[in-house]
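Open the model in your viewer and keep the sequence panel beside it. The stops below are meant to be selected in order.

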Amino acid sequence: IYCVENSKKQIAISFDAAWGADDTDELIKILGEYKVKATFFVVGAWVDKYPEEVKRLADAGHRIENHSNSHPHMTKISTEKMVEELRACNEKIASITGRKPILFRPPYGDYNNAVIETVESQDMYTIQWSVDSLDWQDSATAQSIINNVTSKVSDGSIILCHNDAEYTPDALPTILKTLQDEGYEFVLIEDLIYKENYTLDHTGKQIPCEN
């Protein structure tokens, strides 16, 4: 799922967390100021290293979801190993938040049919993104991140950021304010997507089926 066909002006912002955690408190503070709830896709190894950050994010009302246990290319491992990656990460998150993740974002955005089917077998949804902030690039600046996001958002967009990218905290207030001023409402990805009665088009957009 890359984005959603939505008649409401709703969008979701997500952060992938695999490496550092220096900006956690600042991101919580900024998101709190704009009353935005975000979805954080975390790697199991990151949970091991930063359990207190996971708890702070969850306590602040953000959703903690699965980004694999060790950040492998999921397309290059066996089905058994995929299941292991999903379950190990889910258990680590649930032990801190009390809630089992229902969303999975493949590391590197790398997936194939086997990955999708394995994720579905665990009663989870595979989530990509339709708007990439490119905050992870060496050439990124606060302004480039702002431009990348605000120029590409539309109803039902899922935005990709990273929790530890250098300029994301500088860019975030302007992104949130600009999009809220344009009438967009930020929601959790799990509240944006359809859980049933939908099809996916060739771009990965979820389209609800007419009843």
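Start by selecting Asn 90, which touches Asn 66, Lys 100, Pro 101 and Met 124, not counting residues up to four places away in sequence; contact here means heavy atoms within 4.5 Å. Asn 90 lies in helix α4. Helices (H or I, at least four residues) and strands (E, at least two) are DSSP runs, numbered from the N terminus. Asn 90 counts as buried because its relative accessibility is 6%. Buried means under 20% relative accessible area, exposed over 50%, and partly exposed in between, with a 1.4 Å probe and protein chains only.

Before going on, note that this is a predicted model, in which local features need pLDDT of at least 70 and side-chain atom pairs count only at pLDDT 80 or more, while totals for chains, interfaces and linings use all residues. Residues are numbered from 1 along each chain as its sequence is written, and side-chain values use heavy atoms, with hydrogens and water left out.

Next, select Lys 100. It sits in the loop between α4 (79–97) and β5 (103–104). Is Lys 100 buried or partly exposed? At 44% relative accessibility, it counts as partly exposed. Leaving out residues up to four places away in sequence, Lys 100 touches Asn 90, Ala 94, Gln 122 and Met 124. For a distance check, pick the C-alpha atoms of Lys 100 and Arg 87: they are separated by 9.6 Å, and the two residues are 13 apart along the chain.

Now move to helix α3 and colour Glu 53, Val 54 and Leu 57, which are buried. These residues lie on the same side of α3, because they cover an arc of only 100° around the axis; the arc is that of the directions from the helix axis to the C-beta atoms. Their cover includes α1, β3 (39–42), α2 (44–49), β4 (63–66) and α4. Turn to the face away from the buried side to find the exposed residues Glu 52 and Asp 59. After α3 comes Gly 61, with a positive phi near 95°.

Select strand β8 (residues 158–162) next. Four of its five residues are buried, so β8 is largely enclosed by the rest of the structure. Strand β2 (residues 10–17) runs parallel to β8 and is joined to it by five bridges; strands pair if DSSP finds at least two bridges between them. Ile 13 has Ile 159 in β8 as its bridge partner. Strand β7 (residues 131–132) also pairs with β8 in the parallel sense, over two bridges, and Val 131 stands opposite Ile 159.

For the last stop, show the open sheet of three strands in the order β1-β11-β10, whose pairing is mixed. β1 (3–4) and β10 (198–200) are at the edges, each with a single partner strand, so one side of each has no neighbour in the sheet. β10 and strand β11 (residues 205–208) run antiparallel, joined by three bridges. Within this pair, find Leu 200 opposite Gln 206 in β11.
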